Amino acid sequence: MSLVDLLETGNVDTFSKARRNMEICNACRYCEGYCAVFPAMERRRLFSSGDLMHLSNLCHNCQGCYHACQYAPPHEYGINIPEVFSTIRVETYKQYAWPNQLSIMFNKGGLIASIAVAVSIGLIIFLCLYFIQNDTFFGIHLNEGAFYKIVPYNIMVLVPSAISIFAILSISISTKRFWNDVNQSNIKIKFSYIKTAIIDVLTLKHLSGGGHGCNDISDKFTQWRRFHHQFTMYGFMLCFASTSVATIYDHFLNLQAPYAYLSIPVLLGTIGGILLSIGSTGLLIIKWKSDPKPQAIKTLGLDYGFLFLLKGVAETGLLLLIFRETSAMGALLAIHLGFVLALFLLLPYSKFVHGIYRFIALIINASETQKDHLNN
Ligand code: SF4
Ligand code: SF4
């Protein structure tokens with residue numbers, strides 16, 4: 001029995017509901033200009049579980065089709081595409097998680113993120129106070145290598161490396177399994193498909209909803225969700241670039257942090273941190289204020305948990321930068337590393353995987369769209 005069969009066996013109601021929703025939409029087609037989901041739906045007559053997972057991950061949850069739908073609740077058809085697709089997305093994250101026993105972490109995303117942060121920060125502070133003198137932890141350190149006086153170099157290198165290797169392995173296995181099940185027409189990946197998918201991601205084209213934006217909070221269209229998504233994504237990328245450049249400085253140029261305020265790692269990290277803080281805060285507010293009816297309530301904890309981690313990493317990093325020349329540096333470094341540790345530990349079991357599965361859905365969509373153009 002394939003993963004996709006197992007998935008459907010355990011979630012008959014969700015998949016049956018999604019299939020019924022798609023069959024009604026395919027007859028109606030009122031929303032075909034709203035997003036990439038509807039043209040992709042119209043290419044299909046029957047909806048296998050793989051098709052439904054592909055369409056669910058192609059959906060960016062703008063809620064436009066819910067507010068436009070004459071068959072939405074309280075109509076007896078009860079069409080609610082964003083809600084049913086959100087539920088399927090989380091079911092796919094759980095089903096393809098590796099090792100599968102850890103898929104349970106998707107059930108309580110917010111709670112698990114909070115526990116992970118508390119435990120990580122507590123553990124780092126405990127180890128610091130156990131192994132180094134209080135005077136050192138609460139001291140002022142101004143020179144190169146100051147951070148290593150709080151957390152030794154070997155720990156700072158080995159722990160993140162081990163966690164990153166595990167996260168990459170786990171996400172790679174999940175991605176391969178997901179690809180095998182959603183690639184129903186055995187697409188051979190071409191450079192042009194990847195290029196289109198990358199442009200879609202970088203511009204977040206689909207979040208523009210054909211130009212008018214999303215129904216962020218109500219039936220009024222706005223671009224706020226797209227902007228905050230962009231801030232979050234580019235902020236995360238810049239923070240990652242900052243860490244990568246700092247790693248090169250440290251290991252290949254023998255230059256140790258903290259770096260000058262106008263150095264490349266600090267500039268990248270500062271801009272990235274500010275964007276990430278604005279983006280994650282904005283998305284949290286939008287999520288908090290939005291209408292719960294087109295959302296799958298049980299998936300909200302996952303969204304809140306991941307945004308909380310991103311916001312925590314960004315803002316503690318900025319605080320560390322501001323106060324790094326004071327006696328608060330040791331405690332702020334421990335708190336920042338606690339957030340970073342929790343984020344990377346939970347990466348394969350958090351909303352982060354949404355970005356990977358969505359990228360695969362965009363590759364499949366690019367291949368189908370290009371074939372349509374060739375056939376017309
Ligand atoms: S969501 Fe409603 S209005 Fe839109 S295509 Fe489906 S059935 Fe029609
Ligand atoms: S919620 Fe938005 S992205 Fe998802 S199917 Fe409806 S219109 Fe498309």
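The model is a predicted one. Domain 1 brings 35 residues to the contact and domain 2 brings 38 residues.

## The interface between the domains

Between them, domain 1 and domain 2 bury about 3,400 Å², and carbon and sulfur atoms account for 56% of that area. On the side of domain 1, the residues that lose the most area to domain 2 are His60, Tyr93 and Tyr96. Together these three make up 21% of what the domain 1 side buries.

Polar contacts also cross the interface: 16 residue pairs are counted between domain 1 and domain 2, with both residues at pLDDT 80 or more. Four helices each supply at least two residues of the side of domain 1 that touches domain 2, namely helix 1 (3-10), helix 4 (49-58), helix 5 (64-68) and helix 6 (81-96). Helix 6 gives the most to this side, with 11 residues. By residue class, the side of domain 1 that touches domain 2 consists of 15 nonpolar, 14 polar and six charged residues.

## Salt bridges across the interface

Two salt bridges are found across the interface of domain 1 and domain 2. Elsewhere in the list of ion pairs, Glu368 forms a salt bridge with Arg44, and the closest N and O atoms of this pair are 2.6 Å apart. Glu368 and Arg44 also belong to a network in which salt bridges with shared partners join Arg43, Arg44, Asp51, Glu368 and Asp372.

## Other salt bridges

The structure as a whole holds 11 salt bridges. Side chains of opposite charge can pair when their charged atoms come close. One of the pairs is Glu83 with Lys17, where the closest N and O atoms are 3.3 Å apart. This pair links distant parts of the chain, since Glu83 is in helix 6 and Lys17 is in helix 2 (residues 12-28), 66 residues apart. Glu83 has a relative accessible area of 18% and therefore counts as buried, the limit being under 20%. Lys17, at 38%, is partly exposed.

Arg29 and Glu42 form another salt bridge, with 3.8 Å between the closest N and O atoms. Here too the pair links distant parts of the chain: Arg29 sits in the loop between helix 2 and helix 3 (37-42), Glu42 sits in helix 3, and 13 residues separate them. Arg29 is partly exposed, with a relative accessible area of 28%. Glu42 counts as buried because its relative accessibility is 18%.

## A pair within helix 6

The side chains of Lys94 and Glu91 meet in a salt bridge with an N to O distance of 3.7 Å. Both residues lie in helix 6, three residues apart, which is about one turn of the helix. Glu91 is buried, and its relative accessible area is 8%. Helix 6 also holds Glu83, the partner of Lys17, and this helix gives the most residues to the side of domain 1 that touches domain 2.

Methods:
Residues are numbered from 1 along each chain as its sequence is written. Chains are lettered from A and ligands numbered from 1 in the order in which they are written. This is a predicted model: local features need pLDDT of at least 70, side-chain atom pairs count only at pLDDT 80 or more; totals for chains, interfaces and linings use all residues. Side-chain values use heavy atoms; hydrogens and water are left out. Contact means heavy atoms within 4.5 Å. Buried area is the accessible area (1.4 Å probe) that two parts lose on being put together, summed over both. A salt bridge is a side-chain nitrogen of Lys or Arg within 4 Å of a carboxyl oxygen of Asp or Glu. A polar contact is a pair of N or O atoms within 3.5 Å; within protein, one must be able to donate a hydrogen and the other to accept it, and residues adjacent in sequence count only if both atoms are side-chain atoms. Ala, Val, Leu, Ile, Met, Phe, Trp, Tyr, Cys and Pro count as nonpolar, Asp, Glu, Lys and Arg as charged, and the others, Gly among them, as polar. Buried means under 20% relative accessible area, exposed over 50%, partly exposed in between (1.4 Å probe, protein chains only).
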